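Subject: Structure handover

Hello,

Here is the structure I said I would pass on. My notes on it follow below the view.

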Amino acid sequence: MTMADTVLESAPDLLVDTDRVEQGDLRTEEMLVNMGPQHPSTHGVLRVVLRTDGEMVLEAIPHIGYLHRCAEKIGESLAPYQYIPYTDRMDYLAGMNNNQAFAIAVERLCGLEVPARAQAIRVVFAEFNRIASHLVSLGTYGLDMGAFTPFLYCFREREMILDLFEAACGARLTYSYITVGGIHEDLPAGWVERCLEFLDYFEPKIDDYNNLLSFNHIFVKRTAGVGVVSVDEAIAYGLTGPPLRGSGIRWDLRKVLPYDGYEMYDFDVPIARSGGTDEIPHGVVVGDCWSRYYVRVLEMTQSVRIMRQALANLPDGDTEAKKIKNLKLPDDEVYVGIENPRGQLGFYVRGDGSTIPSRVKARGPSFCNLSITTPLCRNVMLADVPAIIGSIDVVMGEVDR
Amino acid sequence: MAPEEICKLLTTEFTDAIVKTVVEGAHPYVQVSPDRWPDVARFLCDDSRLGMNLLRSISALDLLSDDRLACVYDLMRIVVDRPDVLITETHEFAIRVETDRNEPVIPSVADVWPAADWHEREAYDLMGIRFTDHPDLRRILCPDDWEGYPLRKDYEFPLEYHGIPATTEYELPNPRH
């Protein structure tokens with residue numbers, strides 16, 4: 001028997017009433033689609049309810065709180081140095097920066113002086129963590145857009161950074177290294193040399209990411225001109241960090257209100273530019289997803305610059321101010337904001353004369369940046385929703401706290 | 001603009017609305033009466049001298065001993081005239097609005113700063129302050145059917161939620177160790 005002898009006969013679909021199905025009888029009513037909380041492109045447990053009409057998203061409403069641990073309530077029952085490990089569990093991709101923000105808030109409240117060596121080492125680690133965090137952002141954003149390979153390259157370099165973090169403080173993700181009054185321990189022997197060696201290795205890799213992902217035609221097509229935020233809109237919704245600079249305004253808390261001696265370092269604040277100029281691809285509009293993404297790539301170069309300067313001039317001396325454990329918080333309050341990889345991370349701390357704060361409030365950049373989702377995802381294509389949410393780069397641990 | 005100047009400007013513009021001014025300390029602020037707060041907010045945002053266009057944070061406080069609740073609004077200015085130039089000129093300031101603890105109502109400022117939308121929802125969710133004229137006031141972090149307001153000082157931790165048992169048996173260690 002040959003193939004030609006076989007008669008293929010399709011089995012009738014019992015569920016379809018063939019008499020009633022007519023050509024072109026497609027219903028076009030609105031539909032509610034639940035994206036998340038376990039959707040891979042929502043970067044954690046974010047649920048977005050989409051009101052769709054075919055491929056168009058008419059409205060997107062984010063629902064948050066799946067990781068809520070009421071970290072602020074915990075802060076009201078612990079001394080500040082005990083609360084430090086809770087801060088790096090908020091934004092777990094930028095633990096160092098979170099430790100630093102809370103430490104600075106308590107230091108300002110109590111009027112503590114941080115030794116110069118501790119400040120310089122804090123800057124090194126804050127910038128190092130910024131690079132590590134941006135590498136995750138770059139890699140996973142590529143993943144969202146269907147590019148798997150850049151993710152592997154980004155994580156290869158991030159592993160090396162985590163190894164250096166581990167050498168300094170023993171932890172790879174939740175460091176608690178920067179603490180109230182300084183840093184936990186001085187650097188181990190040979191760390192500075194290993195770090196400089198890594199920076200020499202890392203800097204040329206940024207071009208690789210650009211060749212692999214940033215200027216990839218498909219990637220640019222997916223992200224350029226999508227989800228455009230104007231400067232005024234960005235400020236009105238409280239956007240800070242790369243989303244704000246991606247809207248084309250040169251504004252960075254490290255320059256505007258320097259902390260931990262950032263005024264001593266020479267660095268630029270990169271902003272987004274429109275397509276067609278220099279290396280920026282055609283079709284890119286200031287404030288779109290590609291701009292927000294590319295600002296992060298440019299910031300990594302600046303972080304390397306700051307780290308080189310800090311490592312070259314590490315002062316000698318103590319790494320911790322004295323008498324931290326029985327620190328009495330005065331009857332006063334303070335709000336301190338620092339530049340986290342995702343934007344302005346603020347801590348409001350209020351003391352009442354005892355060792356335990358009476359109120360700790362964390363102003364997370366992811367929380368504020370995410371609040372623009374609804375106006376941004378109005379009347380866009382369904383496939384643009386992951387592109388927009390990914391470009392904001394949220395960490396749900398810090399959105400929900 | 002220094003905090004003293006901002007205090008002075010607000011006091012001359014809104015004599016009847018200012019309850020208290022605190023210029024000393026790490027966190028200078030002005031306390032505004034709740035009924036005038038939307039007008040003051042509009043002035044803070046739109047006035048060319050102040051231009052406090054960035055609402056950084058809303059921190060809700062429980063002042064149990066005074067039987068009051070409060071909201072602290074941290075504001076900041078971002079100069080947007082020449083976006084591509086790095087302008088480090090800025091000023092920060094805070095506004096405090098207090099309300100009765102048993103009937104906590106504060107007017108919403110979400111129409112002045114859209115960023116206030118989520119911050120006010122958070123203060124409603126965790127501290128139980130109702131914001132009048134808010135576009136969509138519902139819980140944001142806790143589930144919709146959660147009882148009580150966790151950040152209040154007299155909050156009692158529930159021992160059961162939808163059949164899931166919970167315990168408060170474990171005391172937190174003494175921080176003086």
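Two strands are said to pair if DSSP finds at least two bridges between them. That is the sense of the word in what follows. Please keep in mind that this is a predicted model.

Chain B, strand by strand

Strand S3 (residues 54–63) of chain B pairs with S4(B) in the antiparallel sense, over nine bridges. One of the residues concerned is B:Leu61, whose bridge partner in S4(B) is B:Ala70. The hairpin of S3(B) and S4(B) has four residues between the strands, and in this hairpin B:Asp67 takes a positive phi near 55 degrees.

S4(B) also has a neighbour in strand S5 (residues 92–100) of chain B: nine bridges join S4(B) to S5(B), and the two run antiparallel. Here B:Asp74 has B:Ala94 as its bridge partner in S5(B).

How much of strand S4 (residues 68–76) of chain B is covered? Eight of the nine residues in S4(B) are buried, so the label "mostly covered" applies, where buried means under 20% relative accessible area. As background, in a regular strand the side chains alternate between the two faces of the sheet.

Chain B as a whole

Chain B holds three helices and nine strands. Their order along the sequence is α-β-β-α-β-β-β-β-α-β-β-β. The C-alpha trace of chain B spans about 55 × 35 × 35 Å along its principal axes. Of the 177 residues in chain B, 51% are buried. If one takes contacts in chain B between residues at least 6 apart in sequence, 53% of them join residues at least 24 apart.

One residue in chain A

A:Glu127 lies in helix H4 (residues 116–144) of chain A. Is A:Glu127 buried or exposed? Its relative accessible area is 0%, and because the cut-off for buried is under 20%, A:Glu127 counts as buried. Leaving aside residues up to four places away in sequence, A:Glu127 touches A:Arg254, A:Tyr262, A:Ser303, A:Ile306 and A:Met307. A:Met300 is 173 residues from A:Glu127 along the chain, and the C-alpha atoms of the two are separated by 8.5 Å.

Regards

Technical notes. Residues are numbered from 1 along each chain as its sequence is written. Chains are lettered from A and ligands numbered from 1 in the order in which they are written. This is a predicted model: local features need pLDDT of at least 70, side-chain atom pairs count only at pLDDT 80 or more; totals for chains, interfaces and linings use all residues. Side-chain values use heavy atoms; hydrogens and water are left out. Buried means under 20% relative accessible area, exposed over 50%, partly exposed in between (1.4 Å probe, protein chains only). Contact means heavy atoms within 4.5 Å.
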